[in-house]
Amino acid sequence: MAVSDALLKWYDVHAREMPWRVGPADRAAGVLPDPYRVWLSEVMLQQTTVAAVRDYFHRFTARWPTVLDLAAAPDADVMGEWAGLGYYARARNLLKCARVVAYEHDGRFPDSYEGLLELPGIGPYTAAAVAAIAFDRAETVLDGNVERVMARLHDVHVPLPEAKPMLKDHAERHTPLTRPGDHAQAVMDLGATICTPRSPACGICPVIEHCAARRAGTAAELPKKSPKKPKPTRYGHAYLARLPDGSLVLERRAEKGLLGGMLGWPGSDWSDAPSTEPPFDAEWREIAGEVRHTFTHFHLILRLYGAELPEEAAPEGYEIIGKHAFRPSDLPTVMRKAYALWRDA
DNA sequence: AATTCGTGGCG
DNA sequence: TCGCCAAGAAT
């Protein structure tokens, strides 16, 4: 039996339940999933686990059931709803993409890889995933799961990312013309549940007889990866101010760069020797303790300063957010940590 | 082509 | 505690 046949047979029984997914039985009856939901889930799933995405997906689809609803949403609402999920450029591009689809494509997603690839925030993986899953196009997805499964199936020892093209070649040879959407999801499910990074469960693998790495005894050490750079530690200062009515002083961060477009506390740059100049005048007092947070490529240690501002002392150029309008859940995680430390001080 | 982008869970 | 890892894209 070919690899794709064995995979689909396994998937028919073991497909994981996901709120954006139409199971193999319904698909067999001709049901295709809503492209909007497939797209939304795939963007959320970029470098993010299924467990982390579930609640966000439910909140987004409850609040914005269609791409037209999302396109009409205010930027701040979408960024606030995305807060905590990370990689905030995804949220900015999500909204851009929704508006292009809504206003330039009549509210319908393109049904081809090439068409999807044109849209903001949709790269090679997501274009292939949406084309295959939502439109049953015979496209090949290449994500971390597929890379790992292919590296093992074909015993590829070339390290990533150099190995990517050859892993893609292998994956394409396995992509069937029928049920390509189920096939794509099957390979990813296999990678997520059986062909895992550490201690793969080869004993229950549906394609073990096709696996070259299993025969060679190298499955657990694949895929090889080139060494990555160590993370430096950076430092910074953040300033948390409150007005007499309980309002808080925040700022909307620049569109580009780290935490772009998100709300945050005013503060210094984050570097080896951050500026110690407060963003505006107040009776700042140091808050005991520090916030530690790790981003993709550096560790951050943040020192906090708090102030109670007098009446009529709201500084210019900031987002003054009322006591009851303020929700920590609108903030990225590092800013939530800062708020928690200040509040509990 | 190499960097820059979050966050939470896991061993 | 700490590095690794997750359904990557943009520049």
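## Terms and overall architecture

In what follows, Ala, Val, Leu, Ile, Met, Phe, Trp, Tyr, Cys and Pro count as nonpolar, Asp, Glu, Lys and Arg as charged, and the others, Gly among them, as polar. The model described here is a predicted one.

Chain A contains 14 helices and seven strands, and its C-alpha trace spans about 75 × 45 × 30 Å along the principal axes. Of its 345 residues, 49% count as buried. Among the contacts in chain A with a separation of 6 or more, 69% are between residues 24 or more positions apart.

## The largest cavity

The structure holds two cavities of 30 Å³ or more, and the largest of them contains about 120 Å³ of space. It is lined by 14 residues, of which Arg152, Cys195, Cys202, Cys205 and Cys211 are the closest to its centre.

By residue class, the lining of the largest cavity divides into 12 nonpolar residues, no polar ones and two charged ones. Helix α10, residues 144–153, gives the largest share of this lining, with three residues.

## The second largest cavity

About 70 Å³ of space lies in the second largest cavity, whose lining is made up of Glu139, Thr140, Val141, Val146, Met150, Ala171, Thr175, Pro180, His183, Ala184 and Val187. Two or more of these lining residues come from each of α10 and α12, the latter covering residues 180–193, and α12 provides the largest share, four residues.

The lining of the second largest cavity divides into seven nonpolar, three polar and one charged residue.

The buried residues of α1 are Val3, Ser4, Ala6, Leu7, Leu8, Trp10 and Tyr11, and what covers them includes α2 (24–28), α10, α11 (164–174) and α12. An α-helix has 3.6 residues a turn, so residues three or four places apart point the same way.

Helix α9, residues 124–135, also has 12 residues, and the distance from its first C-alpha to its last is 16 Å, close to the 16 Å expected at 1.5 Å a residue. This helix is mostly covered, with 10 of its 12 residues buried; they are Tyr125, Thr126, Ala127, Ala128, Ala129, Val130, Ala131, Ala132, Ile133 and Ala134. The buried residues of α9 pack against α2, α3 (35–44), α8 (113–117) and α12. After α9 comes Asp136, which has a positive phi near 55°.

## The β5–β6 hairpin

Strand β5, residues 291–294, is joined to β6 by a hairpin through four residues. The two strands run antiparallel, with four bridges joining β5 to β6, residues 299–308, and Leu300 in β6 is the bridge partner of His293.

In a regular strand the side chains alternate between the two faces of the sheet.

Definitions and conventions. Residues are numbered from 1 along each chain as its sequence is written. Chains are lettered from A and ligands numbered from 1 in the order in which they are written. This is a predicted model: local features need pLDDT of at least 70, side-chain atom pairs count only at pLDDT 80 or more; totals for chains, interfaces and linings use all residues. Side-chain values use heavy atoms; hydrogens and water are left out. On a 1 Å grid over the protein atoms alone, a cavity is a set of points where a 1.4 Å probe fits but cannot get out, and a pocket is an open set with protein on both sides within 12 Å along at least five of seven lines; lining residues have an atom within 4 Å of a point. Grid points are joined across faces, edges and corners, and a volume is the space filled by probe spheres set on the points. Two strands pair if DSSP finds at least two bridges between them. Buried means under 20% relative accessible area, exposed over 50%, partly exposed in between (1.4 Å probe, protein chains only). Contact means heavy atoms within 4.5 Å. The expected span of a helix is 1.5 Å times one less than its number of residues.
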